[in-house]
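These are my notes from one sitting with a single structure. I wrote down what I looked up, in the order I looked.

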Amino acid sequence: MPRGMLVVQLMNAGGLEDTDLLRKGYRVVLGIAMKTMTIGAQIQMDPYVILAWTGQKHKSSVASGKGSEPEWNEKFVFTLADDTKELRIKIMDRDFGYEDDFVGEAM
């Protein structure tokens, strides 16, 4: 039976470890011999947050290209029931063509 509501206002994050910086590469075709080489690209993180309370989950929008200083300013509402006292906050970095990177987590 619901006992109330938990309202979470997700504002911003700071000082995140940039999981994209000089890690991924892109392919470049060179000359007639069609050699390929990987060149490191400086790419900004695209962070998003997953909030979980009991069996309920919410996902923020993706702060595209915001790197280690993202801002969201989003509100999420959870229904409180029973004795659950743990809100899990996970920050991820969205990647195209790769699995999303884990950035950090708090409980």
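**Entry 1: the whole chain.** I began with burial, and buried residues make up 30% of the 107 residues in the chain. I noted that the model is a predicted one. I then looked up the accessible surface, which comes to about 7300 Å². Carbon and sulfur atoms hold 54% of that surface.

I went on to the secondary structure and found zero helices and eight strands. Along the sequence I read the pattern as β-β-β-β-β-β-β-β. I also checked the contacts with a separation of 6 or more, and 56% of them are between residues 24 or more positions apart.

**Entry 2: the open sheet.** In which order do the four strands of the open sheet lie? I read the order as S5-S4-S7-S8, and the pairing is antiparallel. The edge strands are S5, residues 56–59, and S8, residues 101–106. Each of these two pairs on one side only. From one strand to the next, I found a twist that averages 20 degrees.

I reminded myself that strands of a sheet pair through backbone hydrogen bonds, either parallel or antiparallel.

**Entry 3: bridges in the sheet.** I took the pairs of strands in turn. Strand S4, residues 47–53, is joined to S7 by seven bridges, and the two run antiparallel. Strand S7 covers residues 87–93 and pairs with S8 over five bridges, again in the antiparallel sense.

I then followed single residues across the sheet. Val49 has Ile91 in S7 as its bridge partner. Ile91 in turn has Gly104 in S8 as a bridge partner. I also found Asp93 opposite Asp101 in S8.

**Entry 4: His58.** Is His58 buried, partly exposed or exposed? I wrote down partly exposed, because its relative accessibility is 26%, which falls between the cut-offs of 20% and 50%.

The side chain of His58 reaches the backbone oxygen of Val77 at 2.9 Å. Leaving out residues up to four places away in sequence, I listed what His58 touches: Val49, Ile50, Leu51, Phe76, Val77 and Phe78. One of these, Phe76, is 18 residues from His58 along the chain, and their C-alpha atoms are separated by 7.0 Å.

**Entry 5: Ser60.** I moved on to Ser60, which sits in the loop between S5 and strand S6, residues 71–81. Why does Ser60 count as buried? Ser60 counts as buried because its relative accessibility is 5%, and the cut-off is under 20%.

I looked at polar atoms next. A polar atom of the Ser60 side chain lies 2.8 Å from the backbone nitrogen of Val49. The side chain of Ser60 also has a polar contact of 3.5 Å with the side chain of Trp72.

Which residues does Ser60 touch, not counting residues up to four places away in sequence? I listed Leu10, Tyr48, Val49, Trp72, Glu74 and Phe76.

**Entry 6: looking back.** I compared my two contact lists. Val49 and Phe76 are among the residues touched by Ser60, and Val49 and Phe76 are also among those touched by His58.

Terms used. Residues numbered from 1 in each chain as written. Predicted model: local features only at pLDDT ≥ 70, side-chain atom pairs only at ≥ 80, totals over all residues. Heavy atoms only, no water. Pairing = 2+ DSSP bridges. Axes fitted to C-alpha atoms, helices over the stretch in contact; angles between N-to-C directions. Buried < 20%, exposed > 50% of the residue type's maximum accessible area, 1.4 Å probe, protein only. Polar contact = N/O pair within 3.5 Å; in protein donor to acceptor, adjacent residues only side chain to side chain. Contact = heavy atoms within 4.5 Å. Areas by Shrake-Rupley, 256 points an atom, 1.4 Å probe, with all protein chains shown as cover.
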